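Trainee: I would like to learn how to read a protein model, one feature at a time. Could we go through one together, with the general idea before each case?

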Amino acid sequence: MSEQAEMSQDRATTDEPQKIGRADPAGPSMMEGPAPGRPQGPGATVRIVDLPESDQKSLRNALRHDTPLHDLLGLEMVEIGEDHAVLSMPIRPQAFNSTGNLHGGAIATLIDVAAGTAAARGSGFEPGRQSLVTADLHVRYLGRPHGDVVYARAQVLKAGRQLIVVECRVTDVEERVIAAADFSMMIVPLRKPLRPVASAKDTDPDL
């Protein structure tokens, strides 16, 4: 991710990975699987900064508004493609542990959302008919980050009829790998939430 060097927290969504392609403006449904009007084909990629302001706001609200933890951590969608996703997270006290270091759980959350988004995009998931749930997540913590933001790039390795396998790397602004993860998600029959949320739909991916 050489394009991400020298990024700052305030620019986490502005100078991100090189644009490879464009698609129609996308809203929250970008987290769902391939469909007409969305990026498809080898290398088809959308940088969120290239979308209209209204669509950027819509996507940010979809990621943060209904999930307080995402808002607390300041997660941002940076780039999305046919079978990958890039998210950013600022390094700030809300994500620290008691020793003043970046909490492993914060990194795991960033990975879970990035990998879950990639799985939703790069599989045969059918919104409205099925649900997507995390099956397992294994994180290897490799070092402490430099700078004020970290990035998670998740890539689908294999998408089966039920199980989607994703790999994810978390890097800092100096392109140092600070965590690597194996992730899998399962396509299951449509399910109801444990606790109803007014703004949530049964068809939403479980990210």
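Predicted model: local features only at pLDDT ≥ 70, side-chain atom pairs only at ≥ 80, totals over all residues.

Trainee: Is R169 buried or exposed?

Mentor: The words have cut-offs: buried means under 20% relative accessible area, exposed over 50%, and partly exposed in between, with a 1.4 Å probe and protein chains only. R169 counts as exposed because its relative accessibility is 54%. Contact means heavy atoms within 4.5 Å, and, not counting residues up to four places away in sequence, R169 touches Y151, A152, R153, V177, A179 and A180. The C-alpha atoms of R169 and D182 are separated by 9.1 Å, the two residues being 13 residues apart along the chain.

Trainee: How many salt bridges does the structure hold?

Mentor: As a general idea, side chains of opposite charge can pair when their charged atoms come close. A salt bridge is a side-chain nitrogen of Lys or Arg within 4 Å of a carboxyl oxygen of Asp or Glu, and the structure holds eight of them. In one of these, the side chains of R140 and D182 meet with N and O 2.8 Å apart. That pair links distant parts of the chain, with R140 in strand 4 (residues 130-141) and D182 in strand 7 (residues 177-189), 42 residues apart. R140 is partly exposed at 35% relative accessible area, and D182 is likewise partly exposed, at 34%.

Trainee: Which residue forms a salt bridge with D172?

Mentor: The partner of D172 is R176, and the closest N and O atoms are 2.6 Å apart. D172 counts as buried because its relative accessibility is 1%, whereas R176, at 30%, counts as partly exposed. Another salt bridge joins the side chains of D50 and R47, at 3.0 Å from N to O, and both D50 and R47 are buried. Salt bridges can also be linked in a network, as they are for R60, R64, D71 and E76.

Trainee: Why are the buried residues of helix 1 said to be on the same side?

Mentor: In helix 1, the buried residues are D55, Q56, L59, L63 and R64. They are on the same side because they cover an arc of only 155° around the axis, the arc being that of the directions from the helix axis to the C-beta atoms. On the other side of helix 1, E53, S54 and K57 are exposed. What covers the buried residues includes helix 2 (68-73), strand 2 (76-81), strand 3 (84-90) and helix 3.

Trainee: How many residues of helix 3 are buried?

Mentor: Helix 3 is mostly covered, with 16 of its 18 residues buried. From its first C-alpha to its last, helix 3 reaches 26 Å, close to the 26 Å expected at 1.5 Å a residue; the expected span is 1.5 Å times one less than the number of residues.

Trainee: Which residues touch the most other members of the largest nonpolar core?

Mentor: In soluble globular proteins, nonpolar side chains tend to be buried together. A nonpolar core is a set of buried Ala, Val, Leu, Ile, Met, Phe, Trp, Tyr and Cys residues joined through side-chain atoms within 4.5 Å. The largest one here has 43 residues, of which L87, M89, L110, V150, V166 and V170 touch the most other members. Helix 3 gives the most to this core, with eleven residues.

Mentor: pLDDT is the predictor's confidence in each residue, from 0 to 100. The chain averages a pLDDT of 80, and 74% of the residues score at least 70. Among the elements of the chain, strand 6 has the highest mean pLDDT (98) and helix 1 the lowest (87). Over residues 1-30 the pLDDT is below 50, and over residues 32-42 the pLDDT stays under 50 as well.

Key. Residues numbered from 1 in each chain as written. Heavy atoms only, no water. Helix = DSSP H or I, 4+ residues; strand = E, 2+ residues; numbered from the N terminus.
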